[in-house]
Number of protein chains: 2
Amino acid sequence: MERIQSGLNRRLLLSAFAALPTLIGPLGGRSARAQTDALPSWNDGPVKTSITSFVTRVTTQGGPDFVPMPERIATFDNDGTLWVEQPMYVQLAFTLDRVKAQAPSHPDWKDKQPFKAVLEGDFKALAAAGEKGLVELVAVTHADMTTTEFTKLVTDWLASARDARFKRPHTELVYQPMLELLAYLRANGFKTFIASGGGIEFMRPWTERVYGVPPEQVVGSSIKTRFQMRDTVPTLFRLPEINFIDDGPGKPVGINEHIGRRPTAAFGNSDGDLQMLQWTTLSAGPRLGLIVHHTDAEREYAYDRQAHFGKLDKALDAAPVNKWTVVNMKNDWKKIFPFQ
Amino acid sequence: MERIQSGLNRRLLLSAFAALPTLIGPLGGRSARAQTDALPSWNDGPVKTSITSFVTRVTTQGGPDFVPMPERIATFDNDGTLWVEQPMYVQLAFTLDRVKAQAPSHPDWKDKQPFKAVLEGDFKALAAAGEKGLVELVAVTHADMTTTEFTKLVTDWLASARDARFKRPHTELVYQPMLELLAYLRANGFKTFIASGGGIEFMRPWTERVYGVPPEQVVGSSIKTRFQMRDTVPTLFRLPEINFIDDGPGKPVGINEHIGRRPTAAFGNSDGDLQMLQWTTLSAGPRLGLIVHHTDAEREYAYDRQAHFGKLDKALDAAPVNKWTVVNMKNDWKKIFPFQ
């Protein structure tokens with residue numbers, strides 16, 4: 001007893017503990033995990049099994065599909081995959097609110113498109129302004145300030161904005177089954193990244209708190225920034241100029257630029273994720289591609305081929321060809337939101 | 001005895017081990033680390049102390065300078081900070097070798113600058129071609145191929161190329177004290193990143209093996225890429241167009257784009273690192289800025305204000321003003337390379 005206790009003294013224990021994560025993997029490896037259901041909000045069935053069997057295969061040491069931990073990279077789209085994107089992208093709601101907040105200092109906006117459309121709530125005119133109009137709105141609302149100032153704008157807005165239907169902050173309208181999936185993958189040695197068409201600096205202030213994804217694992221669209229010394233204070237100033245659009249064929253480009261290796265698993269919900277799913281899965285080795293199909297108008301929304309935001313058409317056709325898992329939200333998810 | 005052994009069964013141990021890293025930090029926390037010198041190739045003195053006292057302060061829980069682990073971000077320049085950059089950047093040597101290798105399929109190059117200069121070894125003419133000439137050389141040697149093809153070119157070249165003076169592969173000409181510093185910071189909960197003016201895809205094939213820095217923690221200059229489906233094979237094709245120059249005022253921009261938070265510590269050796277050092281250190285909280293000053297012509301090289309590659313002038317003047325640590329290579333490093 002004495003001998004055992006002295007053998008287990010603090011220093012030895014610390015060294016042993018230190019070495020162990022590399023030997024057994026995070027959260028104690030599979031033997032500890034298998035005891036409980038890591039995905040309680042997912043109904044049993046082929047969709048859930050496609051996820052758990054993939055994870056079992058890539059984490060089975062010595063098995064034919066074993067993937068070393070550094071290569072276990074998973075990328076998640078955000079809008080419609082991790083949080084609600086209807087009736088419009090959250091960042092668009094932020095943009096419209098910013099236009100309204102800034103309007104008093106821009107009296108000319110009430111006669112000038114696309115600002116007029118925003119101030120009058122004329123979504124038809126707004127849609128007619130197209131991508132050029134949107135870029136113009138982003139330029140006046142997202143630029144001409146430092147990165148620190150923008151982060152504060154986003155944080156303050158998210159703290160007060162409420163979803164019109166669910167009367168909740170947007171950061172609560174995240175999908176509980178996907179939160180479980182993120183945690184489950186991380187517990188099995190995956191590094192989880194976001195790869196979103198949304199603004200990288202719009203997401204970073206809250207992804208760590210809400211999804212457990214740190215800023216350095218967020219990939220997204222961006223505007224250009226310029227380094228400036230203001231007296232002795234170094235700043236990054238946001239310029240009204242698009243730097244990168246992380247959507248569609250841009251997603252593999254952004255993933256390569258930020259991560260530098262091909263993901264093993266990718267999760268999306270729209271045609272904007274098609275190329276990310278292709279890039280991830282159409283390669284040797286075990287791969288998981290998954291599409292969240294919004295089929296639940298009662299608990300959330302039902303949309304696909306005709307949707308204005310999150311249109312799912314080509315990627316839905318490509319799913320069976322490429323053996324991507326398609327989540328039928330209504331049938332596969334027991335619960336949609338954490339607060340339910 | 002029986003009771004203790006059954007209490008220490010595999011499952012319980014695994015759960016305990018799993019929980020511990022979060023409680024005690026990587027590598028057993030400071031109490032285990034303090035037993036040995038983590039920086040054996042650094043001579044004792046104020047430079048070494050400035051590093052160890054900084055690390056002690058930011059990792060002392062409850063202390064005034066404690067930094068939570070997710071915010072322990074350290075960025076390292078590569079050329080001249082982690083590996084040798086004389087008599088020219090390694091990537092420039094690669095570029096010149098590629099021009100020579102490709103020359104047989106380009107008979108016009110022997111009469112056309114800047115190619116003529118490269119083929120004739122006329123460095124004066126090459127210097128005269130300036131940045132425009134260099135961009136042209138990069139375009140023909142680094143583009144018009146897939147990312148996979150480029151990775152193979154770099155890997156093959158590094159396997160056969162030898163430094164003219166040291167007769168070693170470039171990946172062996174890395175600074176042993178800096179390797180120890182990288183490991184020491186990681187052991188104390190830092191995430192270590194590279195932030196280099198060099199090509200991001202030129203570094204990623206080997207940084208994990210050589211520095212322990214995975215591809216997703218490498219920030220560098222890049223050219224544009226385009227996603228293409230070639231039949232059913234997804235590819236990223238490298239275009240002959242500069243995307244981003246991660247040097248000088250570009251470094252804080254690249255760091256912000258990739259990491260999304262301000263580093264706590266930054267390590268460089270030239271004026272190309274000035275803005276990274278400013279961005280990192282001129283902010284509230286504990287900060288470490290460090291410059292490697294090449295002062296050892298015998299064991300490596302001695303250069304600063306007049307250097308063509310790795311010029312250290314403004315940053316050297318800024319060091320005392322901003323309390324940056326300046327490493328005097330000759331005095332502070334016991335050993336330069338791992339093989340010595």
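Analyst: Let's start with B:Lys251 and B:Asp77, whose side chains meet in a salt bridge at 2.9 Å, N to O. Keep in mind that this is a predicted model.

User: Where do B:Lys251 and B:Asp77 sit in the chain?

Analyst: B:Lys251 is in helix α11 of chain B, while B:Asp77 is in the loop between β1 (73-76) and α5 (90-102) of chain B. They are 174 residues apart, which is how the pair links distant parts of the chain. Both residues are buried.

User: How do you know that B:Arg261 and A:Glu208 join two chains?

Analyst: Their closest N and O atoms are 3.3 Å apart, and they form a salt bridge. B:Arg261 lies in the chain B loop between α11 (250-258) and β6 (265-268), and A:Glu208 is in helix α10 (residues 200-211) of chain A, so the bridge runs from one chain to another.

User: Why is B:Arg261 called buried, and what is A:Glu208 called?

Analyst: Buried means under 20% relative accessible area. B:Arg261 has 15%, so it counts as buried. A:Glu208 comes in at 32%, so the label there is partly exposed. There is also a network of salt bridges linking A:Lys191, A:Arg261, B:Glu208 and B:Glu216.

User: And A:Arg305 with A:Asp317: buried or partly exposed?

Analyst: A:Arg305 has a relative accessible area of 30%, so it is partly exposed. A:Asp317, at 44%, is partly exposed too. Their side chains meet in a salt bridge at 3.0 Å, N to O.

User: Why is α5(B) called roughly perpendicular to α7(B)?

Analyst: The angle decides, and 65 to 115 degrees counts as roughly perpendicular. The axes of α5(B) and helix α7 (residues 123-142) of chain B cross at roughly 75° and come within 11 Å. That makes α5(B) roughly perpendicular to α7(B).

User: What residues make up the contact of α5(B) with α7(B), by class?

Analyst: It has ten nonpolar, five polar and one charged residues. Those from α5(B) include B:Leu92, B:Phe94 and B:Val99, and those from α7(B) include B:Phe123, B:Leu126 and B:Leu134.

User: Which strand pairs with β9(A), and in what sense?

Analyst: Strand β7 (residues 288-295) of chain A does, in the parallel sense, over four bridges. A:Val292 stands opposite A:Val327 in β9(A).

User: What makes A:Asn256 buried, and which residues is A:Asn256 in contact with?

Analyst: With a relative accessible area of 8%, A:Asn256 falls under the 20% cut-off, so it is buried. Leaving aside neighbours within four places in sequence, A:Asn256 is in contact with B:Thr147, B:Glu201, B:Arg204 and B:Leu236.

Definitions and conventions. Residues are numbered from 1 along each chain as its sequence is written. Chains are lettered from A and ligands numbered from 1 in the order in which they are written. This is a predicted model: local features need pLDDT of at least 70, side-chain atom pairs count only at pLDDT 80 or more; totals for chains, interfaces and linings use all residues. Side-chain values use heavy atoms; hydrogens and water are left out. A salt bridge is a side-chain nitrogen of Lys or Arg within 4 Å of a carboxyl oxygen of Asp or Glu. Buried means under 20% relative accessible area, exposed over 50%, partly exposed in between (1.4 Å probe, protein chains only). Axes are lines fitted to C-alpha atoms, for helices over the stretch in contact, and angles run from 0 to 180 degrees between N-to-C directions. Angles under 35 degrees count as roughly parallel, over 145 as roughly antiparallel, 65 to 115 as roughly perpendicular and the rest as oblique. Contact means heavy atoms within 4.5 Å. Ala, Val, Leu, Ile, Met, Phe, Trp, Tyr, Cys and Pro count as nonpolar, Asp, Glu, Lys and Arg as charged, and the others, Gly among them, as polar. Two strands pair if DSSP finds at least two bridges between them.
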